[in-house]
Amino acid sequence: MLEYAGSQRSGLQANRAEGLALVSVLRSIDWILLAGVATSSDFPVVKAVQSAYGGGASDGFVAKFTGFTAAPALSADHTSLSFSYQTGAGNPPAQEIKISSAGASVSFTASTAGGSWLSVAPPSAGTPATLSVAVNPAGLAAGAYQGAVALSVGSAPALSIPVNLTVSS
């Protein structure tokens with residue numbers, strides 16, 4: 001929503017933005033300020049300080065946009081997970097990640113990246129939730145493997161938790 005814009009020149013002529021400011025409080029965007037130069041005579045104004053063209057080759061403008069809803073933030077009780085596996089032994093036990101959000105419950109999807117040795121369940125949930133992360137190192141050679149559990153809200157990535165697996169012989 002455009003809250004105010006000041007200038008009398010815009011529309012059909014060349015207009016350009018010169019600066020942008022995102023004003024945020026507590027990790028959400030509360031408003032956006034856009035400043036620039038207008039050389040058009042029909043720039044739309046709302047709550048303008050100067051509501052009529054004052055002469056000259058151009059006018060400056062400042063526009064304030066409000067009404068943004070920030071994407072919900074997810075948080076996890078782990079910043080990374082590590083697994084160790086000795087060849088010939090049983091699979092390491094699964095590890096849990098507790099997922100939460102501030103305020104209302106947030107629906108999310110969980111997936112893995114890095115290889116078929118890594119899995120997460122359930123594939124979707126709502127906060128608060130507990131995810132089970134498991135590794136299946138069968139067939140992997142000795143070495144270090146990296147992957148991640150990726151959480152998304154809608155189509156937007158929300159959180160990635162690195163997962164390390166060390167396989168020794």
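Mentor: Contact means heavy atoms within 4.5 Å of each other. The model before you is predicted, and this cut-off is applied to its atoms.

Trainee: What does Gly114 touch, not counting residues up to four places away in sequence?

Mentor: Gly114 touches Gln146 and Gly147. Each of these pairs is therefore called a contact, because heavy atoms lie within 4.5 Å. The C-alpha atoms of Gly114 and Gln146 are separated by 6.2 Å, although the two residues are 32 apart along the chain.

Trainee: How many bridges join strand 8 to strand 10?

Mentor: There are 3 bridges between strand 8 and strand 10 (residues 124-126). The requirement is at least two, so these strands also pair. They run antiparallel, with Phe108 opposite Ala125 in strand 10.

Trainee: What does the secondary structure of the chain come to?

Mentor: The chain has 13 strands and 0 helices.

Trainee: What share of the 169 residues counts as buried, and why is the word used?

Mentor: The share is 28%. These residues are called buried because their relative accessible area is under 20%.

Notes: Residues numbered from 1 in each chain as written. Predicted model: local features only at pLDDT ≥ 70, side-chain atom pairs only at ≥ 80, totals over all residues. Heavy atoms only, no water. Helix = DSSP H or I, 4+ residues; strand = E, 2+ residues; numbered from the N terminus. Buried < 20%, exposed > 50% of the residue type's maximum accessible area, 1.4 Å probe, protein only.
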